[in-house]
Amino acid sequence: MNSIAFLKAAYIITWLVYLGYLARILLGMKKVAAERAELERTTARGTASATMKRSAS
Amino acid sequence: MKKIATSSILLTVALLGITSYLALAIAPTEATMGDVQRIFYYHVPSAWVAGVCFFINFLASVWYLIKRSPGSDAIAAASAEVGVIFCSVVLITGPIWARPVWGIWWTWDARLTTTLVLWLIYVSYLMLRRFAAGGQSQVMAAVLGIFGFVDVPIVYMSIRWFRTQHPSPVMGGGENSGLAPAMLHVFLFNLAAFTVLGLFFVWLRYKMELAQQQLESAHAQAALKGVA
(Lines give C-alpha, C1' and ligand atoms only; values in the text may rest on other atoms or scores of the structure.)
Protein backbone atom coordinates (compact mmCIF):
# COMPACT_ATOMS: atom_id res chain seq x y z
CA MET A 1 0.00 0.00 0.00
CA ASN A 2 1.44 3.43 -0.90
CA SER A 3 1.45 6.37 1.48
CA ILE A 4 -1.42 8.13 -0.36
CA ALA A 5 -3.73 5.26 0.63
CA PHE A 6 -2.82 5.80 4.31
CA LEU A 7 -3.40 9.54 3.93
CA LYS A 8 -6.82 8.99 2.35
CA ALA A 9 -7.77 6.43 5.01
CA ALA A 10 -6.87 8.85 7.83
CA TYR A 11 -8.93 11.71 6.35
CA ILE A 12 -11.94 9.54 5.46
CA ILE A 13 -12.04 7.95 8.92
CA THR A 14 -11.76 11.37 10.61
CA TRP A 15 -14.64 12.76 8.52
CA LEU A 16 -16.74 9.68 9.32
CA VAL A 17 -16.05 9.88 13.06
CA TYR A 18 -16.91 13.60 13.35
CA LEU A 19 -19.97 13.50 11.08
CA GLY A 20 -21.14 10.28 12.76
CA TYR A 21 -20.82 11.87 16.18
CA LEU A 22 -22.73 14.97 15.02
CA ALA A 23 -25.50 12.70 13.69
CA ARG A 24 -25.61 10.88 17.03
CA ILE A 25 -26.02 14.16 18.95
CA LEU A 26 -28.71 15.46 16.58
CA LEU A 27 -30.68 12.19 16.73
CA GLY A 28 -30.35 12.21 20.53
CA MET A 29 -31.73 15.77 20.69
CA LYS A 30 -34.63 14.79 18.43
CA LYS A 31 -35.41 11.77 20.64
CA VAL A 32 -35.34 13.85 23.85
CA ALA A 33 -37.63 16.49 22.26
CA ALA A 34 -40.09 13.78 21.16
CA GLU A 35 -40.11 12.19 24.64
CA ARG A 36 -40.65 15.60 26.21
CA ALA A 37 -43.63 16.30 23.92
CA GLU A 38 -45.07 12.85 24.69
CA LEU A 39 -44.71 13.44 28.45
CA GLU A 40 -46.41 16.84 28.16
CA ARG A 41 -49.32 15.25 26.26
CA THR A 42 -49.65 12.49 28.89
CA THR A 43 -49.46 15.01 31.75
CA ALA A 44 -52.11 17.23 30.13
CA ARG A 45 -54.45 14.23 29.61
CA GLY A 46 -53.90 13.05 33.21
CA THR A 47 -54.57 16.53 34.65
CA ALA A 48 -57.73 16.92 32.54
CA SER A 49 -59.18 13.55 33.63
CA ALA A 50 -58.36 14.30 37.30
CA THR A 51 -60.20 17.67 37.02
CA MET A 52 -63.22 15.95 35.41
CA LYS A 53 -63.35 13.33 38.18
CA ARG A 54 -63.22 16.06 40.84
CA SER A 55 -66.03 18.10 39.21
CA ALA A 56 -68.19 14.95 38.73
CA SER A 57 -67.94 14.06 42.43
CA MET B 1 -34.73 21.62 15.74
CA LYS B 2 -34.51 21.40 11.94
CA LYS B 3 -32.70 24.75 11.85
CA ILE B 4 -30.14 23.59 14.44
CA ALA B 5 -29.58 20.32 12.57
CA THR B 6 -29.10 22.00 9.18
CA SER B 7 -26.76 24.70 10.49
CA SER B 8 -24.77 22.14 12.54
CA ILE B 9 -24.23 19.90 9.52
CA LEU B 10 -23.29 22.90 7.34
CA LEU B 11 -20.81 24.22 9.91
CA THR B 12 -19.18 20.81 10.43
CA VAL B 13 -18.89 20.06 6.71
CA ALA B 14 -17.55 23.58 6.05
CA LEU B 15 -14.88 23.31 8.77
CA LEU B 16 -13.83 19.81 7.73
CA GLY B 17 -13.89 20.82 4.04
CA ILE B 18 -11.76 23.93 4.47
CA THR B 19 -9.24 22.19 6.76
CA SER B 20 -8.95 19.24 4.34
CA TYR B 21 -8.46 21.57 1.38
CA LEU B 22 -5.74 23.53 3.16
CA ALA B 23 -3.96 20.41 4.40
CA LEU B 24 -4.18 18.42 1.16
CA ALA B 25 -3.86 21.14 -1.49
CA ILE B 26 -2.23 24.23 0.02
CA ALA B 27 0.33 22.96 2.57
CA PRO B 28 3.70 22.08 0.98
CA THR B 29 4.84 18.46 0.85
CA GLU B 30 7.22 17.54 3.65
CA ALA B 31 10.69 16.53 2.42
CA THR B 32 11.29 13.32 4.42
CA MET B 33 7.88 11.68 4.83
CA GLY B 34 6.17 12.97 1.71
CA ASP B 35 2.40 13.31 1.41
CA VAL B 36 1.54 11.06 4.37
CA GLN B 37 2.86 13.82 6.68
CA ARG B 38 -0.37 15.73 5.85
CA ILE B 39 -2.07 13.54 8.48
CA PHE B 40 -0.32 15.90 10.92
CA TYR B 41 -2.87 18.66 10.10
CA TYR B 42 -5.71 16.50 11.48
CA HIS B 43 -3.82 14.44 14.07
CA VAL B 44 -2.31 17.27 16.15
CA PRO B 45 -5.37 19.61 16.18
CA SER B 46 -7.54 16.63 17.26
CA ALA B 47 -5.11 15.96 20.13
CA TRP B 48 -5.21 19.64 21.11
CA VAL B 49 -9.03 19.68 21.17
CA ALA B 50 -9.10 16.47 23.25
CA GLY B 51 -6.81 18.18 25.79
CA VAL B 52 -8.99 21.32 25.83
CA CYS B 53 -12.13 19.21 26.37
CA PHE B 54 -10.56 17.28 29.25
CA PHE B 55 -9.49 20.60 30.80
CA ILE B 56 -13.08 21.87 30.54
CA ASN B 57 -14.19 18.59 32.14
CA PHE B 58 -11.69 19.17 34.97
CA LEU B 59 -12.94 22.72 35.63
CA ALA B 60 -16.61 21.68 35.44
CA SER B 61 -15.97 18.73 37.78
CA VAL B 62 -14.31 21.00 40.37
CA TRP B 63 -17.20 23.44 40.04
CA TYR B 64 -19.75 20.63 40.42
CA LEU B 65 -18.13 19.42 43.64
CA ILE B 66 -18.23 22.98 45.03
CA LYS B 67 -21.69 24.09 43.87
CA ARG B 68 -23.50 20.84 42.90
CA SER B 69 -25.08 22.68 39.98
CA PRO B 70 -26.69 20.54 37.23
CA GLY B 71 -25.28 22.90 34.59
CA SER B 72 -21.65 22.19 35.50
CA ASP B 73 -22.38 18.45 35.58
CA ALA B 74 -23.87 18.75 32.07
CA ILE B 75 -20.75 20.61 30.85
CA ALA B 76 -18.53 17.92 32.41
CA ALA B 77 -20.48 15.12 30.71
CA ALA B 78 -20.49 16.91 27.34
CA SER B 79 -16.79 17.82 27.36
CA ALA B 80 -15.69 14.32 28.41
CA GLU B 81 -17.65 12.72 25.57
CA VAL B 82 -16.35 15.15 22.94
CA GLY B 83 -12.82 14.71 24.34
CA VAL B 84 -13.11 10.94 23.91
CA ILE B 85 -14.25 11.38 20.29
CA PHE B 86 -11.27 13.63 19.45
CA CYS B 87 -8.87 11.38 21.38
CA SER B 88 -10.23 8.41 19.38
CA VAL B 89 -9.34 10.22 16.16
CA VAL B 90 -5.82 10.76 17.52
CA LEU B 91 -5.50 7.05 18.34
CA ILE B 92 -6.79 6.08 14.87
CA THR B 93 -4.83 8.56 12.74
CA GLY B 94 -1.61 8.02 14.73
CA PRO B 95 -1.14 4.36 13.78
CA ILE B 96 -2.26 5.09 10.18
CA TRP B 97 0.54 7.66 10.00
CA ALA B 98 3.02 5.43 11.86
CA ARG B 99 2.67 2.39 9.57
CA PRO B 100 4.23 3.91 6.40
CA VAL B 101 6.73 6.06 8.34
CA TRP B 102 7.93 3.76 11.17
CA GLY B 103 6.98 0.45 9.58
CA ILE B 104 4.80 -0.46 12.58
CA TRP B 105 1.24 0.39 13.60
CA TRP B 106 1.95 0.74 17.31
CA THR B 107 4.71 0.75 19.89
CA TRP B 108 4.47 0.96 23.66
CA ASP B 109 6.44 4.17 23.99
CA ALA B 110 5.58 6.81 26.59
CA ARG B 111 3.53 9.14 24.35
CA LEU B 112 1.40 6.43 22.78
CA THR B 113 0.86 4.52 26.02
CA THR B 114 -0.09 7.59 28.10
CA THR B 115 -2.50 8.68 25.34
CA LEU B 116 -4.14 5.25 25.33
CA VAL B 117 -4.39 5.40 29.15
CA LEU B 118 -5.97 8.87 28.84
CA TRP B 119 -8.56 7.52 26.42
CA LEU B 120 -9.29 4.58 28.75
CA ILE B 121 -9.70 6.92 31.76
CA TYR B 122 -12.35 9.01 30.01
CA VAL B 123 -14.10 5.97 28.51
CA SER B 124 -14.34 4.68 32.12
CA TYR B 125 -15.67 8.10 33.12
CA LEU B 126 -18.44 7.86 30.52
CA MET B 127 -19.24 4.26 31.53
CA LEU B 128 -19.42 5.31 35.18
CA ARG B 129 -21.92 8.04 34.28
CA ARG B 130 -23.93 5.64 32.14
CA PHE B 131 -24.09 2.56 34.37
CA ALA B 132 -23.46 3.56 38.03
CA ALA B 133 -26.61 3.20 40.11
CA GLY B 134 -27.65 5.55 42.92
CA GLY B 135 -27.54 9.31 43.35
CA GLN B 136 -23.77 9.55 43.84
CA SER B 137 -22.71 8.72 40.27
CA GLN B 138 -22.29 12.41 39.34
CA VAL B 139 -20.06 13.01 42.39
CA MET B 140 -17.97 9.91 41.60
CA ALA B 141 -17.69 11.02 37.97
CA ALA B 142 -16.53 14.48 39.07
CA VAL B 143 -13.83 12.96 41.29
CA LEU B 144 -12.70 10.68 38.45
CA GLY B 145 -12.67 13.69 36.09
CA ILE B 146 -10.37 15.59 38.45
CA PHE B 147 -7.93 12.70 39.02
CA GLY B 148 -8.12 11.60 35.38
CA PHE B 149 -6.97 15.00 34.21
CA VAL B 150 -3.56 14.36 35.84
CA ASP B 151 -2.74 12.26 32.75
CA VAL B 152 -3.13 15.22 30.34
CA PRO B 153 0.10 17.05 31.34
CA ILE B 154 1.86 13.65 31.48
CA VAL B 155 0.82 12.99 27.85
CA TYR B 156 2.02 16.48 26.87
CA MET B 157 5.35 16.18 28.66
CA SER B 158 6.02 12.52 27.81
CA ILE B 159 8.04 13.35 24.66
CA ARG B 160 10.14 15.78 26.70
CA TRP B 161 10.70 13.49 29.69
CA PHE B 162 11.34 10.19 27.86
CA ARG B 163 13.12 8.97 24.73
CA THR B 164 10.23 7.96 22.49
CA GLN B 165 9.57 6.60 19.03
CA HIS B 166 7.07 9.46 18.71
CA PRO B 167 8.79 12.58 17.29
CA SER B 168 9.97 15.40 19.58
CA PRO B 169 7.76 18.48 19.89
CA VAL B 170 7.34 20.32 16.60
CA MET B 171 6.52 23.60 18.34
CA GLY B 172 8.51 24.83 21.34
CA GLY B 173 10.83 21.85 21.30
CA GLY B 174 14.18 23.60 21.24
CA GLU B 175 16.55 24.87 18.55
CA ASN B 176 15.82 22.38 15.77
CA SER B 177 12.05 22.43 16.18
CA GLY B 178 9.54 24.51 14.24
CA LEU B 179 7.58 24.50 11.00
CA ALA B 180 8.13 26.21 7.66
CA PRO B 181 5.90 29.34 7.47
CA ALA B 182 3.61 27.83 4.77
CA MET B 183 3.07 24.74 6.95
CA LEU B 184 2.69 26.82 10.10
CA HIS B 185 -0.14 28.94 8.63
CA VAL B 186 -2.13 25.86 7.61
CA PHE B 187 -1.45 24.20 10.95
CA LEU B 188 -2.59 27.24 12.97
CA PHE B 189 -5.73 27.62 10.85
CA ASN B 190 -6.58 23.94 11.34
CA LEU B 191 -5.89 24.25 15.06
CA ALA B 192 -8.36 27.16 15.30
CA ALA B 193 -10.96 25.43 13.10
CA PHE B 194 -10.80 22.18 15.09
CA THR B 195 -11.09 24.18 18.33
CA VAL B 196 -14.26 25.81 16.99
CA LEU B 197 -15.58 22.39 15.91
CA GLY B 198 -14.80 20.82 19.29
CA LEU B 199 -16.36 23.65 21.30
CA PHE B 200 -19.40 23.57 19.01
CA PHE B 201 -19.80 19.83 19.68
CA VAL B 202 -19.47 20.48 23.44
CA TRP B 203 -22.18 23.17 23.23
CA LEU B 204 -24.55 20.89 21.26
CA ARG B 205 -23.93 17.95 23.59
CA TYR B 206 -24.40 20.24 26.61
CA LYS B 207 -27.82 21.33 25.28
CA MET B 208 -28.76 17.67 24.85
CA GLU B 209 -27.54 16.75 28.35
CA LEU B 210 -29.53 19.61 29.92
CA ALA B 211 -32.65 18.59 27.98
CA GLN B 212 -32.16 14.99 29.18
CA GLN B 213 -31.79 16.14 32.80
CA GLN B 214 -34.96 18.26 32.51
CA LEU B 215 -36.83 15.33 30.96
CA GLU B 216 -35.76 13.04 33.81
CA SER B 217 -36.93 15.52 36.47
CA ALA B 218 -40.21 16.06 34.56
CA HIS B 219 -40.71 12.27 34.53
CA ALA B 220 -40.04 12.15 38.28
CA GLN B 221 -42.52 14.99 38.96
CA ALA B 222 -45.17 13.34 36.77
CA ALA B 223 -44.64 10.03 38.60
CA LEU B 224 -45.04 11.81 41.96
CA LYS B 225 -48.34 13.29 40.80
CA GLY B 226 -49.36 9.83 39.59
CA VAL B 227 -49.94 11.07 36.05
CA ALA B 228 -47.36 9.21 33.97
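I took the expected span of a helix as 1.5 Å times one less than its number of residues. Helices here are DSSP runs of H or I with at least four residues, strands are runs of E with at least two, and both are numbered from the N terminus.

**Ground rules.** The model is predicted, so I kept local features to pLDDT of at least 70 and side-chain atom pairs to pLDDT 80 or more, while totals for chains, interfaces and linings use all residues. Residues count from 1 along each chain as its sequence is written, and chains are lettered from A, ligands numbered from 1, in the order in which they are written.

**Confidence.** I looked up the scores next. The model has ipTM 0.91 and pTM 0.91. Chain B has a mean pLDDT of 92, with 98% of its residues at 70 or more; pLDDT is the predictor's confidence in each residue, from 0 to 100.

**Chain B overall.** I counted 7 helices and 0 strands in chain B. Along the sequence the pattern reads α-α-α-α-α-α-α. The C-alpha atoms of chain B fill a box of roughly 70 × 40 × 30 Å along the principal axes.

**Helix 7, length and end.** How far does helix 7 of chain B reach from its first C-alpha to its last? I got 66 Å over 45 residues, close to the 66 Å expected. Just after helix 7 of chain B, B:G226 has a positive phi of about 75 degrees.

**Helix 2, length and end.** B:R68 follows helix 2 of chain B with a positive phi, near 55 degrees.

**Helix pairs.** I describe two packed helices by the angle between their axes and the distance between the axes. Axes are lines fitted to C-alpha atoms, for helices over the stretch in contact, with angles from 0 to 180 degrees between N-to-C directions. Angles under 35 degrees count as roughly parallel, over 145 as roughly antiparallel, 65 to 115 as roughly perpendicular, and the rest as oblique. I call a crossing left-handed if the near helix is turned anticlockwise from the far one by less than a right angle, and right-handed if clockwise. Contact needs C-beta atoms, placed from the backbone, within 7 Å. For classes, Ala, Val, Leu, Ile, Met, Phe, Trp, Tyr, Cys and Pro are nonpolar, Asp, Glu, Lys and Arg are charged, and the others, Gly among them, are polar.

*Helices 2 and 3.* In chain B, the axes of helix 2 (residues 40-67) and helix 3 (residues 70-102) come within 7 Å and cross at roughly 155 degrees. Helix 2 of chain B is therefore roughly antiparallel to helix 3 of chain B. Their crossing is left-handed. I found 19 nonpolar, 9 polar and 2 charged residues in this contact.

*Helices 4 and 6.* Helix 4 (residues 110-131) and helix 6 (residues 151-161) of chain B pack at about 165 degrees, axes 8 Å apart. So helix 4 of chain B is roughly antiparallel to helix 6 of chain B. This crossing is left-handed. The contact includes B:L118 and B:I121 from helix 4, and B:V155 and B:I159 from helix 6. It divides into 8 nonpolar, 3 polar and 2 charged residues.

*Helices 1 and 7.* The axes of helix 1 (residues 2-26) and helix 7 of chain B come within 10 Å and cross at roughly 160 degrees. Helix 1 of chain B is therefore roughly antiparallel to helix 7 of chain B. I noted a left-handed crossing. Among the contact residues are B:L15 and B:I18 of helix 1, and B:F189 and B:F200 of helix 7. The contact has 13 nonpolar, 4 polar and no charged residues.

**Chain A against chain B.** I found 29 residues of chain A and 35 residues of chain B in the contact. The chain A side divides into 19 nonpolar, 7 polar and 3 charged.

Conventions
Two residues are in contact if their C-beta atoms, placed from the backbone, lie within 7 Å.
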